[in-house]
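Please study the sequence and the structure before reading each solution.

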Amino acid sequence: MKEKTKRNSSIELLRIISMIGVVILHYNNASMGGALGMVLDGSPNQYYLYLIESLFVCAVNVFVMISEYFLACNQNRKLIKILELFVQVIVFNLVFYVFGVLRGHKVFTVSSLISSLLPTNYFLILYSVLYIISPYLNLIIKQLNKEQFKRLLIILMLIFSVWTIVIDVAENITGNTYLGLSTIGMYGSQYGYTIINFVLVYFVGAYLRVNKITLSKKKAGTWIIRCLAFLYAFSMMEHVLHLQYTATWYYNNPIIILMSAYILLFFMDIHFESKIINELAKAAFTCFLFHEFLLRHIRIEQFVNRGILVLIVHQLGSALIIYLISYIVYKIYHLCSHWFFKLIEPYINKINISVEKG
């Protein structure tokens, strides 16, 4: 009998930090929390927001890379896991819709009700696709030796990361749109919100896992600081030049992808076990779904231009509280739904999406 592998809580802690990072990104986002749109230009608060944005802009890539790091050496896939995520998105969408109608923020129509039942969540869709195709990606990886895999990774980074960010920056500087020039699609990199970027991040995580790449906390930390300095400097430069977008923060930026890898390696060099951390990490996806609703109620406009310490405490404190509230929501949802998934799991898992060993 195989001995059960103990879970390294440092990786679960990284899941939590990554999701708190997503909350902070959306706190800053001009169309969500709005901090970057409301902060006074040239103020210390603005410099802080640019720094914290540059630090956490890799949060989604890190979150994906954590999952794919472990999937790279595992060919077993269960459809029930994907179904659980889809159902949770649909349930939350429906609850938000009903809540909006009851508060008078939305008008009930049949078409809007149907729309609320659609799992419109880019992360869910792309992650599910990657989860399903990852065993076949693993088959490709197994055919490569270390040098071949390294060469493939360099080629993929050059084609789908370096080249695409060059096009993004060129469009940003010139104000033109170069349709068909990007290697990702007709309409460019789409800020890195694509299955191409998810697959690229998968290969990076798989390379670290398959080749047992390790790095000391000191070396990994040094590289993280270098990446952060680059992202901060170039994002501020784009701001000073009054460019329409901050292309530096696109998820397909090679510096962001590399920073994600160094952050993972940093935490991989930390080893501890904590039942509390492991338990709290279960709420990460719920936080991803629920945090935007909570962001609307924390009065960001009242804190964004106060003293910088007030802003820091409000932002970080709000993100932490939102995660803890999301954990409570997760427990309630899990309590109400786990019996249903237990009931249907034997039937759903009859649909085999794993790659059988030949």
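**Exercise 1.** Determine which helices supply at least two residues each to the lining of the largest pocket, and which of them gives the largest share.

*Solution.* The model is predicted. Step one: the helices in question are H1 (9–28), H4 (59–71), H5 (79–102), H7 (122–142), H11 (254–268), H13 (284–295) and H14 (308–348). Step two: H14 provides the largest share, eight residues. Step three: the pocket is lined by 50 residues, and Arg7, Glu12, Arg15, Lys81 and Tyr127 lie nearest its centre. Step four: the lining divides into 22 nonpolar, 13 polar and 15 charged residues. The volume of this largest pocket is about 2,300 Å³.

**Exercise 2.** Describe the second largest pocket: its volume, its closest residues to the centre and the make-up of its lining.

*Solution.* Step one: the volume is about 1,400 Å³. Step two: 50 residues line this pocket, and His26, Asn29, Ser31, Met32 and Glu292 are the closest to its centre. Step three: two or more lining residues come from each of several elements, among them helix H3 (44–56), helix H6 (110–116) and helix H10 (217–240). The most, seven residues, come from H5. Step four: the lining comprises 26 nonpolar, 17 polar and seven charged residues.

**Exercise 3.** Is Ile154 buried, partly exposed or exposed?

*Solution.* Step one: Ile154 is located in helix H8 (residues 146–174). Step two: partly exposed lies between the limits of under 20% for buried and over 50% for exposed. Step three: the relative accessibility of Ile154 is 44%, and therefore Ile154 counts as partly exposed. Step four: together with Ile155, Leu158, Ile159, Val162 and Val166, Ile154 makes a nonpolar surface patch of about 460 Å².

Note on methods
Residues are numbered from 1 along each chain as its sequence is written. This is a predicted model: local features need pLDDT of at least 70, side-chain atom pairs count only at pLDDT 80 or more; totals for chains, interfaces and linings use all residues. Side-chain values use heavy atoms; hydrogens and water are left out. Patches are made of residues with over 30% relative accessible area and no salt bridge: like charges are joined within 9 Å, nonpolar side chains (Val, Leu, Ile, Met, Phe, Trp, Tyr) within 5 Å. Accessible areas come from the Shrake-Rupley method with a 1.4 Å probe; for residues, only the protein chains shown count as cover. A salt bridge is a side-chain nitrogen of Lys or Arg within 4 Å of a carboxyl oxygen of Asp or Glu. Helices (H or I, at least four residues) and strands (E, at least two) are DSSP runs, numbered from the N terminus. Buried means under 20% relative accessible area, exposed over 50%, partly exposed in between (1.4 Å probe, protein chains only). On a 1 Å grid over the protein atoms alone, a cavity is a set of points where a 1.4 Å probe fits but cannot get out, and a pocket is an open set with protein on both sides within 12 Å along at least five of seven lines; lining residues have an atom within 4 Å of a point. Grid points are joined across faces, edges and corners, and a volume is the space filled by probe spheres set on the points. Ala, Val, Leu, Ile, Met, Phe, Trp, Tyr, Cys and Pro count as nonpolar, Asp, Glu, Lys and Arg as charged, and the others, Gly among them, as polar.
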